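Please keep the sequence and the structure in view while reading.

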Amino acid sequence: TLHCTPSPSPPTFIGHRGCEHPFPENSLPAALHSAATLTGIEVDLALTRDRRVVLLHDRTLDRTTLGHGPVCAWTYDQVARWPLRGGNGSVAVPRLEEVVAAVPRGTELMVDVKRCAVGRGCAGCAALVAETRRVLDGYAAGKVVLDGYAA
């Protein structure tokens, strides 16, 4: 028998991959929709070759963008040229900084730090965690959960 103790606080509703329907996953429009309608946002992070933290679920660009290859093989300016799939060709891969600046302060963020294409424990993974922490430093204390393979 499972017994649950009711929580004194209301439940938390998080938009998975930024609230991926009807928007492209991990996009700025999805994050804004999630922030406006739910308690928080879950996003997936990857690092570009020039050490920019971007919202992407996969280690490669192939499934979610019109680009190809590992995210870490391209600079942010190159990645930004390939639109996200499902966005009518007009929705770019956002940087974490853009999302943090755009959502209302206090929106709960669940940040899933993905392992880079090289693998666990590499310098790229350490750089991704360090840069993510730098971007999120000072963002609404107690409102960020850092999770993932590289964290």
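## Contacts and the basis of the report

Two residues are in contact, or touch, when they have heavy atoms within 4.5 Å of each other. Threonine 75 touches Thr48, Arg49 and Asp50, not counting residues up to four places away in sequence.

The model is predicted: local features need pLDDT of at least 70, side-chain atom pairs count only at pLDDT 80 or more, and totals for chains, interfaces and linings use all residues. Residues are numbered from 1 along each chain as its sequence is written, and side-chain values use heavy atoms, with hydrogens and water left out.

## Overall fold

The protein has four helices and five strands; helices (H or I, at least four residues) and strands (E, at least two) are DSSP runs, numbered from the N terminus. Along the sequence, these elements follow the pattern β-α-β-β-α-α-β-α-β. Among contacts between residues at least 6 apart in sequence, 60% join residues at least 24 apart.

The accessible surface comes to about 8,000 Å², of which 55% belongs to carbon and sulfur atoms. Such areas come from the Shrake-Rupley method with a 1.4 Å probe, and for residues only the protein chains shown count as cover.

## Buried residues

A residue is buried at under 20% relative accessible area, exposed at over 50% and partly exposed in between (1.4 Å probe, protein chains only). Of the 151 residues of the protein, 44% count as buried.

Why does threonine 75 count as buried? Threonine 75 does so because its relative accessibility is 17%. Its place is in the loop between strand 3 and helix 2 (76-80). Threonine 65 also lies in the loop between strand 3 and helix 2, and it is buried, with a relative accessible area of 0%. Leaving aside neighbours within four places in sequence, threonine 65 is in contact with Leu56, Trp82, Pro83, Leu84, Arg85 and Val93. In strand 2 is aspartate 44, which is buried with a relative accessible area of 1%. Among the residues that aspartate 44 touches, not counting those up to four places away in sequence, are Arg17, Asn26, His57 and Lys114.

## Nonpolar cores

In soluble globular proteins, nonpolar side chains tend to be buried together. A nonpolar core is a set of buried Ala, Val, Leu, Ile, Met, Phe, Trp, Tyr and Cys residues joined through side-chain atoms within 4.5 Å. The largest has 21 residues, and those with the most contacts inside it include Ile41, Leu96 and Leu109. Helix 4 gives the most to this core, with five residues. Apart from it lies another core of ten residues, among them Val54, Leu61, Val79 and Leu84.

## The second largest cavity

On a 1 Å grid over the protein atoms alone, a cavity is a set of points where a 1.4 Å probe fits but cannot get out; lining residues have an atom within 4 Å of a point. A search of the whole structure finds two cavities of 30 Å³ or more, where a volume is the space filled by probe spheres set on the points.

The largest share of the lining, three residues, comes from helix 4.

Definitions and conventions
On a 1 Å grid over the protein atoms alone, a cavity is a set of points where a 1.4 Å probe fits but cannot get out, and a pocket is an open set with protein on both sides within 12 Å along at least five of seven lines; lining residues have an atom within 4 Å of a point.
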